[in-house]
Amino acid sequence: EIERDIDKAVVSTQSTGEGTKKRVVFSMKVARTIKEFLSLRDAIQGRVGLVPTMGYLHNGHLSLVKNAKSNSDYVVASIFVNPTQFAPHEDLSAYPRDFENDSKLLSSAGVNLLFHPEPEEIYPGGWSSSSSSEGTYVDVGGIKAAEWDSRPGHFRGVATVVSKLFNIVRPQSAYFGQKDALQCIVIKKMVRDLNFPVDVVTCPTLREENGLAMSSRNTYLTLEEKQKAGVIYRAISKAHELYRNGEGILSSHELKRCVRDILSTEPLIKIDYVSIAQNSNGAEIERDIDKAVVSTQSTGERRRNKKKGCVLYEGREDNQGVSVLKGCNPRESWTCPDNGVPTQWSFVSSEKCKVEFRLCRCFYICESNSIRSTRGFVSVSPRF
């Protein structure tokens with residue numbers, strides 16, 4: 001249903017055996033220059049959601065549009081194969097493109113305005129190269145990740161083009177796929193550091209039937225290679241299963257070994273890296289997973305608590321306590337940091353936690369006599 005002005009849509013009719021029905025088709029506008037786009041943007045009122053893409057769209061991209069439509073008054077999509085995020089040896093010239101089909105898909109999905117510039121429009125003066133030192137780049141600091149090291153210069157190009165799109169489009173929210181996890185980390189940090197008034201929304205990964213994440217680059221694979229590539233999802237799913245079930249494997253090194261062992265069963269797979277990282281800065285987790293998960297979301301804020309073995313949440317004391325192990329089936333016993341006494345866990349289902357704590361903005365976990373603030377985890381309850 002269209003809740004906005006009707007002039008943004010074209011009404012057509014379709015005859016059926018039951019009579020004539022009206023069918024509404026969105027009329028998507030396309031801008032190819034910044035000047036043209038800004039003239040259209042200035043007339044837009046309401047909340048704008050941006051879906052940045054490099055084109056050659058699949059259902060993963062369309063799911064981002066769907067999310068944007070449900071939370072925005074007006075949806076802008078961009079198609080731009082960004083040269084500054086490609087290294088000289090990478091596939092810039094070979095990257096798949098099909099603007100005609102992409103524009104049809106976006107129009108059918110309900111996008112209101114499509115921005116499709118040429119590289120010279122975004123990078124005037126010919127500095128559209130990852131190795132160029134002529135232009136101004138956004139280089140996000142404090143990121144430590146295996147993928148960052150594996151793709152030097154890539155995320156500088158990503159941050160630069162996204163900052164440009166934010167400045168041109170001026171969205172209230174922007175939508176990215178969880179598949180590109182480190183990209184989301186980089187963009188969120190850039191938004192925080194540079195005070196962009198944009199909500200960065202991370203949307204779930206869509207997968208093929210065999211678990212392979214949908215990607216425009218999957219077109220490079222043969223049918224056999226696509227089938228074999230499903231082993232990647234099986235490997236990470238097995239590691240996740242071992243962790244959740246608490247089968248004595250809590251070390252990040254053991255979980256990475258599990259992933260490598262499964263990947264090595266497929267001769268076509270060549271491993272670049274296997275990483276279990278913090279979702280704040282992409283840094284490798286070298287400690288036990290349970291301790292590391294808690295620390296990744298820590299704000300660093302500490303509060304004194306007079307009563308040992310007591311956990312706070314929503315500013316209230318609760319002797320049952322709240323721990324922050326995300327979706328975890330913890331070990332059968334837990335050692336109190338104050339007295340070293342092994343203590344049984346009180347198991348609470350994830351669904352129950354979601355219901356009980358869905359209104360809580362943050363939880364607190366007891367560390368000796370201190371309380372560390374930790375955000376956004378489904379919780380289970382230890383008894384002290």
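Leaving aside neighbours within four places in sequence, K256 is in contact with V274, S275, I276 and E284, contact meaning heavy atoms within 4.5 Å. The side chains of K256 and E284 are joined by a polar contact of 2.9 Å; a polar contact is a pair of N or O atoms within 3.5 Å, of which, within protein, one must be able to donate a hydrogen and the other to accept it, and residues adjacent in sequence count only if both atoms are side-chain atoms. K256 belongs to helix α10 (residues 252–263). Helices (H or I, at least four residues) and strands (E, at least two) are DSSP runs, numbered from the N terminus. K256 counts as buried because its relative accessibility is 12%, buried meaning under 20% relative accessible area, exposed over 50% and partly exposed in between (1.4 Å probe, protein chains only).

The model is predicted, with pLDDT of at least 70 needed for local features and 80 or more for side-chain atom pairs, while totals for chains, interfaces and linings use all residues. Residues are numbered from 1 along each chain as its sequence is written, and side-chain values use heavy atoms, with hydrogens and water left out.

Six strands form an open sheet in the order β3-β6-β5-β4-β7-β8, with parallel pairing; two strands pair if DSSP finds at least two bridges between them. At the edges are β3 (29–31) and β8 (199–203), each of which pairs on one side only. From one strand to the next, the twist averages 25°. The parallel strands β4 and β5 are joined by six bridges, and P52 stands opposite S78 in β5. Helix α6 packs on the sheet, where it touches β4, β5, β6 and β7, and its direction makes about 145° with that of β4. Helix α7 lies across β7 and β8 and runs at about 165° to β8. Axes are lines fitted to C-alpha atoms, for helices over the stretch in contact, and angles run from 0 to 180 degrees between N-to-C directions.

The largest nonpolar core has 39 residues, of which F37, V76, V162, F166, F176, I187 and M190 touch the most other members. Such a core is a set of buried Ala, Val, Leu, Ile, Met, Phe, Trp, Tyr and Cys residues joined through side-chain atoms within 4.5 Å. At least two residues of this core come from each of β4 (48–53), β5 (74–79), β6 (113–115), α6 (154–169), β7 (173–177) and α7 (181–194). Helix α6 supplies the largest share, nine residues. A second, separate core of 14 residues includes L57, V65, A77 and V111.
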